[in-house]
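Take a moment with the sequence and the model below. Then read on with both in view.

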Amino acid sequence: MSTHASDPLAALGYLPGVADAVDSVRKAVDRVYGHRVMRRRSNEISSEAALRGARGSAALSGADWALEEVRRRTDFSADPEARTVGAALRLGAEAGQLLSIWRQSPLRVLARLHLVAAGEQGESVGRPRLDGEAVDEPLIASAAPSPAEVAGRLDGLAELIVAGGDAPALVTAAVVHGELLALRPFTSCNGLVARAAERIVLVGSGLDPKAICPAEVGHAEQGRAAYLAAFEGYVSGTPEGVGGWIAHCGRSVELGVRESTAVCEALQRGAA
């Protein structure tokens, strides 16, 4: 994200394809918010979006369960996949409680998200990893940055968030998501935390205030291979790569909109 602009995140809005992605996302979100079902049943849509978003995030982290299995299951402690799904569900429930804290103390929110995702106490839980601590993130094969680099880049990201600026919500959400995937600041659950943080930005920015446009659904629908390819573009640091990642995140939001629109239609027909 090297740039000489005074607002680096806003400057990313001029990368190839990003302005179009921002415009397309805004139009898609406006359409679903204008659905007649949203006027009286938005809480139901939000709850369903949280469930489907958690399922999508868990799928990207290796627990690709059917939606009805996620809905039916009550015990999420039996095996690694169940624990991953349980972590995604807990993060979905927690994210909405952290919106007011995010803009003042994003690092505190990230620590809380990791604590919630891990679901257990431990020396490495709820804080960035230290020298000698391994990273358990099977989706990403590249070497993780050192704890010293992680600390510096997290501080820089936090400063950008606290400072605010004119960057579109999609751009900020995509950068937060990409940076956390690249840094893998915790010993575990980094993908889940990164996608939860993306959700917090989209909701807290006002783009999706009722949390009905789950980007996690779209990330999962596009598939792990496309997700990783777009992420590799982000970590390359090239304008095309970063722009491609932001556009990929935009498409994910649009697919989340499509999912919630289908839920609205089902509710309108009385079929859900």
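Predicted model: local features only at pLDDT ≥ 70, side-chain atom pairs only at ≥ 80, totals over all residues.

Residues are numbered from 1 along each chain as its sequence is written, and side-chain values use heavy atoms, with hydrogens and water left out.

Start with helix α11, residues 215-222. Helices here are DSSP runs (H or I, at least four residues), numbered from the N terminus. Six of the eight residues of α11 are buried, so this helix is largely enclosed by the rest of the structure. Buried means under 20% relative accessible area, with a 1.4 Å probe and protein chains only. The cover over these buried residues includes α3, α9, α10, α12 and α13. Gly223 follows α11, and its phi is positive, near 95 degrees.

Now go to Asn190, in helix α10. Asn190 counts as buried because its relative accessibility is 1%. Leaving aside residues up to four places away in sequence, Asn190 touches Val135, Glu137, Arg184 and Pro185. A contact means heavy atoms within 4.5 Å.

Next, the largest pocket. On a 1 Å grid over the protein atoms alone, a pocket is an open set of points where a 1.4 Å probe fits, with protein on both sides within 12 Å along at least five of seven lines; lining residues have an atom within 4 Å of a point. The largest pocket has 24 lining residues, and Pro80, Thr84, Asp136, Ser188 and Cys189 lie nearest its centre. Helix α5 gives the largest share of this lining, six residues.

The second largest pocket is lined by 18 residues. Its largest share, three residues, comes from α10.

Technical notes
Helix = DSSP H or I, 4+ residues; strand = E, 2+ residues; numbered from the N terminus. Buried < 20%, exposed > 50% of the residue type's maximum accessible area, 1.4 Å probe, protein only.
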